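Please have the sequence and the structure at hand.

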Amino acid sequence: MKKKLAMLFVVIMLLSCMPVMAVTVPAGADTAAATTGTVTTQAASTGWVKVDKYYRYYYAKGKYYTNCVKKIENKLFGFSKKGNLCCGWFTINNVTYYGSVKQGAKGIGVGQILTGYRKIGNDYYYLNPAKNGARATGFITIGKKLYYFNPTTGKQRRTKGWFYIGSSMYYVLADGTIATNTTIDGRKIGANGAVADPYGYDKKAQGYSSETRYMVLVDKSRHLVNMYKGSKGSWVNIRRNIPCTTGKSSTPTKSGTFKVSKNVTRFGPYGRMDFVGSTVFYTTRINAGNFFHSVLYKLGSTNPYTTSPKDATLGKNRSNSCIRLPLADAKFIWDNMRRGTRVVVY
């Protein structure tokens with residue numbers, strides 16, 4: 001019996017001295033890290049220490065990092081409020097980081113904070129190296145190219161085409177970058193990637209449908225007309241901020257949503273029409289009594305290209321409810337916008 005007890009004691013002592021074996025755990029914020037070697041479990045030690053299923057880093061006897069990002073052996077790591085090594089997406093002091101699930105410190109299989117432009121899962125992010133890998137949002141210039149990252153999720157916008165931020169419009173190219181210093185679909189794009197649309201006309205236009213490929217917005221308060229081509233949700237501005245004259249106080253231009261009903265052609269090739277005391281050209285009927293047409297010419301004029309206007313005023317409340325335009329813009333509507341074209345006057 002004494003010999004058996006002695007043998008059992010030896011076995012127990014041997015087992016208690018064996019190193020901790022590697023374990024695999026799910027990657028995620030404040031989760032345990034998988035090991036690739038031996039890590040001590042003695043909290044009195046310094047360095048990486050396994051406490052239950054988590055890992056902490058003891059920088060002094062009984063002291064470990066909490067609620068912070070630290071560089072350890074030239075690698076960045078995040079630690080939760082409890083001091084646990086963080087993996088996957090995690091947030092410390094309202095800043096979001098990503099702890100790798102594939103690389104980390106010697107003896108720790110995961111947890112190193114990634115930096116730079118990265119694909120994580122099916123999406124792309126920018127983890128700012130200058131800010132210890134903090135997830136960036138908004139517009140970021142990387143290698144002289146402009147990128148946009150969602151302000152909530154940090155995901156890069158990569159779908160090709162136009163999109164809005166407030167009243168400004170931007171274009172994503174095929175490579176996922178934002179177009180700058182160029183012209184696309186007739187829209188001039190500046191160095192910051194934005195198309196100038198200070199009054200939000202382009203965004204407003206997207207909510208309307210039309211029976212033709214064209215649509216017109218008329219802003220009476222600013223005396224501006226914007227013309228669009230496309231369809232609901234994807235209208236492209238083809239003539240921007242054209243000055244116009246609208247109805248005076250006694251004969252105001254009616255507000256509302258209308259459809260072009262016809263283009264006046266009965267007075268020759270220039271869409272000529274006589275009103276009281278004046279002749280206008282390229283006349284397109286919006287609704288009863290209201291038309292798009294040119295500025296005013298002398299009564300009886302037959303050709304707008306061989307005579308000068310008698311009243312070329314634009315940007316005023318001066319008409320008898322019609323919307324006067326520069327000759328070239330009135331002609332564009334007359335040539336292109338057929339019956340059923342949406343006209344929004346407000």
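## Sheet, spaces and a serine

Strand β2 (residues 54–60) pairs with β3 in the antiparallel sense over 2 bridges. The model is predicted, so local features need pLDDT of at least 70 and side-chain atom pairs count only at pLDDT 80 or more, while totals for chains, interfaces and linings use all residues. Residues are numbered from 1 along each chain as its sequence is written, and side-chain values use heavy atoms, with hydrogens and water left out.

Strands (E, at least two residues) are DSSP runs, numbered from the N terminus. Two strands pair if DSSP finds at least two bridges between them. Here 3 strands make an open sheet, ordered β1-β2-β3, with antiparallel pairing. Its edge strands are β1 (47–51) and β3 (63–64), each pairing on one side only. Ala60 stands opposite Lys63 in β3.

Next come the spaces. On a 1 Å grid over the protein atoms alone, a cavity is a set of points where a 1.4 Å probe fits but cannot get out. A pocket is an open set with protein on both sides within 12 Å along at least five of seven lines. Lining residues have an atom within 4 Å of a point. Volume is the space filled by probe spheres set on the points, which are joined across faces, edges and corners.

| Space | Volume | Lining by class |
|---|---|---|
| Largest pocket | about 190 Å³ | 5 nonpolar, 5 polar, 3 charged |
| Largest cavity | about 30 Å³ | 4 nonpolar, 4 polar, 1 charged |

The largest pocket is lined by 13 residues. Phe275, Val276, Leu296, Asn320 and Arg324 lie nearest its centre. β24 (278–280) and β28 are the elements that give two or more residues to this lining.

How many cavities of 30 Å³ or more does a search of the whole structure find? The search finds 1. The largest cavity is lined by Thr253, Lys254, Phe258, Ile286, Asn287, Asn290, Ser321, Ile323 and Val345.

Last, the serine. Ser301 sits in the loop between β27 (297–298) and β28 (317–319). Is Ser301 buried or exposed? Ser301 counts as buried because its relative accessibility is 10%, and buried means under 20% (1.4 Å probe, protein chains only). The Ser301 side chain reaches the backbone oxygen of Lys298 at 2.7 Å. Leaving aside residues up to four places away in sequence, Ser301 touches Arg272, Thr279, Phe281 and Thr307, where contact means heavy atoms within 4.5 Å.

Technical notes
Helices (H or I, at least four residues) and strands (E, at least two) are DSSP runs, numbered from the N terminus. Buried means under 20% relative accessible area, exposed over 50%, partly exposed in between (1.4 Å probe, protein chains only). A polar contact is a pair of N or O atoms within 3.5 Å; within protein, one must be able to donate a hydrogen and the other to accept it, and residues adjacent in sequence count only if both atoms are side-chain atoms. Ala, Val, Leu, Ile, Met, Phe, Trp, Tyr, Cys and Pro count as nonpolar, Asp, Glu, Lys and Arg as charged, and the others, Gly among them, as polar.
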